[in-house]
Amino acid sequence: MRRTLLACLSLAALAVAACSPRPSEADKAAPSGEGGVVNVYSARHYDADKRLYEMFTQATGIRVNTVEGAAPQLIARMQSEGQASPADVFVAADAGALWRAEQAGLLQPVSSETLNAAIPANLRDPQGRWYGFQRRARVVAYDAQKVKPEEVDTYEKLASPRFRGKLCVRASDNIYNLSLMGALIEAWGPEKARTWAQGIVANMARPPEGGDRDQIRAVGAGLCEIALTNSYYYIRMASGDDAADRAVAERVKLAFPSLDGQGVHVNISGAGVTANAPNRAGAVRLLEFLSSAEAQTLVSRENGEFPASPGVVAPAPVSAYASFQAHPMPVSAYGPRQAEAQAIMTAAGWR
Ligand code: FE
C-alpha cells in the first residue's frame, strides 16, 4: 500500500487525487512524506489553530495542511484510508476522543524528551500515543441570584434534592459527559456513580438539548439554576464580543466543584501521531511545537482553555479563572470507562 501511495505521490496532483480512496475529499489532503508537509486531521476547529500552524511553518519551513471534521468522521476516514492515509497528526478535543483513535489502532507511540518535559504525565497517554496541550475543566455555571457557591462545590451536590428540576445538561452520548462519568466511576465505583446519574436525571429542568453554551444561556434565561459546562465556553462568553452573552455572564457565575476534595474534573485537548504517518518526523516536530509555551499561551488566550504545562502562565482572560485545584486523575483513565459510563447514564434515563 505504501509503495503504491508513494508511486502515486510522484505523479501530478490529479493522479494523487485518483489514487486516494476518497477522491471527493482528496483535494483537502496534500501529499506528505517528503519533509515539506504535515497533514493534520483535526476535530478541533479554533481560529487560533490556523495561526498556530502558520507559526509552526515559519519556525520550521514545514507546511501544515488540515482536514477538518468531527472526531468520529475523521476516525472512520483514517480507518477506510488504512495504510495509505495521508494523515500525520490527529487533533481532538477530549481525552475520550483521542482514546477512541488510540483504540482503533490509528495512533503510534512517540517518545520525546521535549514532550515528556512539557506535558505532565497525567495529561498524556502513558505510551505516548497522544498528548494534551490544553486543559479544560468540566464545571458548574450557576445563577448567582439563586445559588450560593457552597451549594455547588462538589459533584455530589449537583445530584442532591436541592436542585430538583433545576439543572441543565447536554446529552449523555456527548464525549465531555462520557469522560466526566468515566472519571466519577473511576473515583467512586459504579454503584455511587449510578446513584449520582439517577440524581442528575431527577434534577433535570428539561430533557437534554443543545451544547454547553446552550446550558449556560438557559441558566441566564432562568430556565435552570445550574448547568454542567466546559470552562472555556463560559470564559469565552464572559470575555467575548457578544453583548447578550456578556450579559448572561453577569448573572451566571462559574464554580469549580471538587471531586473527593482533590479538585475539579479536568480534560484536555491534544494530538497524536498517526500509526501510518508518512511524515513522522514532521509530525513529532509539530507536537513538540504545540507543547511550547508560545503555542500553549496562544491557544489559551484565544480559546479560553488552560495551558497544560504548569510552567506556562495562563494569559488573560483565562488567568482570572486559573486558580482552581485540578484533580490529579490521569485523563487516560476516562476512555476505558466510556462504555460503562454510557450504560449507567442510559439506564438512569439520561438520554
Ligand atoms: Fe468543546
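The points below go through selected packing features of this predicted model.

1. The structure holds seven aromatic pairs. In one of them, the rings of phenylalanine 56 and phenylalanine 289 have centres 5.7 Å apart and planes at 50°, so this pair is tilted. Because phenylalanine 56 belongs to helix 3 (residues 47-60) and phenylalanine 289 to helix 13 (residues 280-290), the pair ties together parts that are 233 residues apart in sequence. Both phenylalanine 56 and phenylalanine 289 are buried.

2. An aromatic pair between loops. Phenylalanine 256 and phenylalanine 324 form a stacked pair, with 4.9 Å from centre to centre and 15° between the planes. Phenylalanine 256 is found in the loop between strand 7 (252-255) and strand 8 (266-273), while phenylalanine 324 is found in the loop between strand 9 (306-307) and helix 15 (338-347), so parts that are 68 residues apart in sequence are tied together by this pair.

3. The tryptophan cluster. Trp188, Trp196 and Trp350 are linked into a cluster by ring pairs. One of these residues, tryptophan 188, also has lysine 192 lying over its face, at 4.4 Å from the ring centre.

4. The packing of helix 5 on helix 8. Helix 5 (residues 95-103) and helix 8 (residues 175-188) pack with their axes 8 Å apart and at an angle of about 90°, and the two helices are therefore roughly perpendicular to each other. On the helix 5 side the contact is made by Gly96, Ala97 and Arg100, which meet Ile175, Leu178 and Ser179 in helix 8. Sorted by class, this contact of helix 5 with helix 8 comprises three nonpolar, two polar and one charged residues.

5. Valine 40 and its surroundings. Valine 40 lies in strand 1 (residues 37-42), and at 0% relative accessibility this valine counts as buried. If neighbours within four places in sequence are left aside, valine 40 is in contact with Tyr53, Val64, Asn65, Thr66, Val67, Val89, Val91 and Leu286. Glycine 210, which is 170 residues from valine 40 in sequence, lies 28 Å from valine 40 in space, C-alpha to C-alpha.

6. The buried residues of helix 14. What covers the buried residues of helix 14? In this helix (residues 293-303), Ala295, Gln296, Leu298, Val299, Ser300 and Asn303 are buried, and the elements that cover the buried residues include helix 3, strand 4 (131-143), helix 11 (231-239), helix 13 and strand 9. Just after helix 14, glycine 304 takes a positive phi of about 85°.

7. Leucine 123 in its loop. Leucine 123 lies in the loop between helix 6 (113-118) and strand 4, and at 4% relative accessibility leucine 123 counts as buried. Leaving aside neighbours within four places in sequence, the contacts of leucine 123 are with Trp130, Tyr131, Gly132, Arg135, Ile268, Ala308 and Val331. Leucine 123 and serine 309 are 186 residues apart in sequence, yet the C-alpha to C-alpha separation of leucine 123 and serine 309 in space is 9.3 Å.

Conventions: Residues numbered from 1 in each chain as written. Predicted model: local features only at pLDDT ≥ 70, side-chain atom pairs only at ≥ 80, totals over all residues. Heavy atoms only, no water. Phe/Tyr/Trp six-rings, centres within 6.5 Å; stacked < 30°, edge-to-face > 60°. Helix = DSSP H or I, 4+ residues; strand = E, 2+ residues; numbered from the N terminus. Buried < 20%, exposed > 50% of the residue type's maximum accessible area, 1.4 Å probe, protein only. Lys NZ or Arg CZ within 6 Å of the ring centre and 35° of its normal. Axes fitted to C-alpha atoms, helices over the stretch in contact; angles between N-to-C directions. Parallel < 35°, antiparallel > 145°, perpendicular 65-115°, else oblique. Contact = heavy atoms within 4.5 Å. Nonpolar A, V, L, I, M, F, W, Y, C, P; charged D, E, K, R; others polar.
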